[in-house]
Amino acid sequence: PEVVETAVSQNGLALKFALGDAKKNRVIVMIAVSQNGLAFEFADKDLKNDFAVVTIAVSRNVLALQFASDDAKKDPKVVKAAVRLDGNALQFAHVDLRKETVVAKAAVSQTGMALQFAHGDIRKDPKIVKIAVRLDGLALRYACVDLKNDLTVVKIAVSQNGFALEFASGDAKKDPKIVKIAVQQSNERLWRCHKRTQSLSPLLP
């Protein structure tokens with residue numbers, strides 16, 4: 001065990017090559033996932049349902065959530081901790097939690113594009129969608145059809161990213177005020193991109 005502990009303390013992914021009951025050893029696994037959260041993939045299935053082990057693994061790398069047991073993926077504390085670090089971790093949560101407003105709100109508050117992993121009912125919630133598009137206008141793509149035609153929602157989206165107009169629908173997409181905001185924002189975005197390119201041009205071959 002000491003040899004294995006030393007190995008995984010230096011590289012958690014060494015757990016993959018551990019023999020015998022090492023992958024069932026809680027101490028060894030906790031050392032491994034503390035070093036690299038993705039080492040959680042190689043832990044024994046019983047430890048993938050251990051709240052403490054899951055929490056450590058996810059805190060080191062939110063992608064570790066995908067290797068957790070179904071019960072762990074249903075645990076609000078585990079999932080909320082993960083999505084607060086990276087909203088995209090919502091994709092690994094159990095479908096029941098993807099329906100939860102509190103969990104979805106935490107996810108889209110971290111990154112607007114996490115809206116794509118929320119349950120369909122959540123995508124109909126104006127409050128959640130507004131939070132998402134305020135952070136990333138392009139998240140409008142994942143809103144329900146009705147909200148893509150909501151002037152308030154679309155205005156928030158195109159104010160953040162003019163190119164979000166592509167995902168608007170109905171009257172909202174044709175609204176002169178909305179279009180004006182989108183064009184102005186897009187031009188500013190393109191201008192900033194142009195200026196950055198110019199500043200880098202001396203460095204380019």
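**Packing of H5 and H7**

In this predicted model, helix H5 passes helix H7 in a left-handed crossing. The residues that make the contact are Val79, Lys80, Val83, Arg84 and Leu85 on the H5 side, and Val102, Val103, Ala106, Ala107 and Gln110 on the H7 side. Sorted by class, that gives seven nonpolar residues, two charged ones and one polar one.

As for the geometry, two packed helices are described by the distance between their axes and the angle between them. Here the axes of H5 (residues 76-85) and H7 (residues 101-110) come within 7 Å and cross at roughly 15°. Angles under 35 degrees count as roughly parallel, so H5 is roughly parallel to H7.

Turning to H7 itself, its buried residues are Val103, Ala104, Ala106, Ala107 and Val108. These buried residues pack against H5, but also against helix H6 (95-98) and H8.

Leaving aside residues up to four places away in sequence, Leu90 touches Val83, Arg98, Val103, Ala107, Ala114, Phe117 and Ala118. Among these, Val83 belongs to the H5 side of the helix contact, and Val103 and Ala107 to the H7 side.

Conventions
Residues are numbered from 1 along each chain as its sequence is written. This is a predicted model: local features need pLDDT of at least 70, side-chain atom pairs count only at pLDDT 80 or more; totals for chains, interfaces and linings use all residues. Side-chain values use heavy atoms; hydrogens and water are left out. Axes are lines fitted to C-alpha atoms, for helices over the stretch in contact, and angles run from 0 to 180 degrees between N-to-C directions. Helices (H or I, at least four residues) and strands (E, at least two) are DSSP runs, numbered from the N terminus. Angles under 35 degrees count as roughly parallel, over 145 as roughly antiparallel, 65 to 115 as roughly perpendicular and the rest as oblique. A crossing is left-handed if the near helix is turned anticlockwise from the far one by less than a right angle, and right-handed if clockwise. Contact means heavy atoms within 4.5 Å. Ala, Val, Leu, Ile, Met, Phe, Trp, Tyr, Cys and Pro count as nonpolar, Asp, Glu, Lys and Arg as charged, and the others, Gly among them, as polar. Buried means under 20% relative accessible area, exposed over 50%, partly exposed in between (1.4 Å probe, protein chains only).
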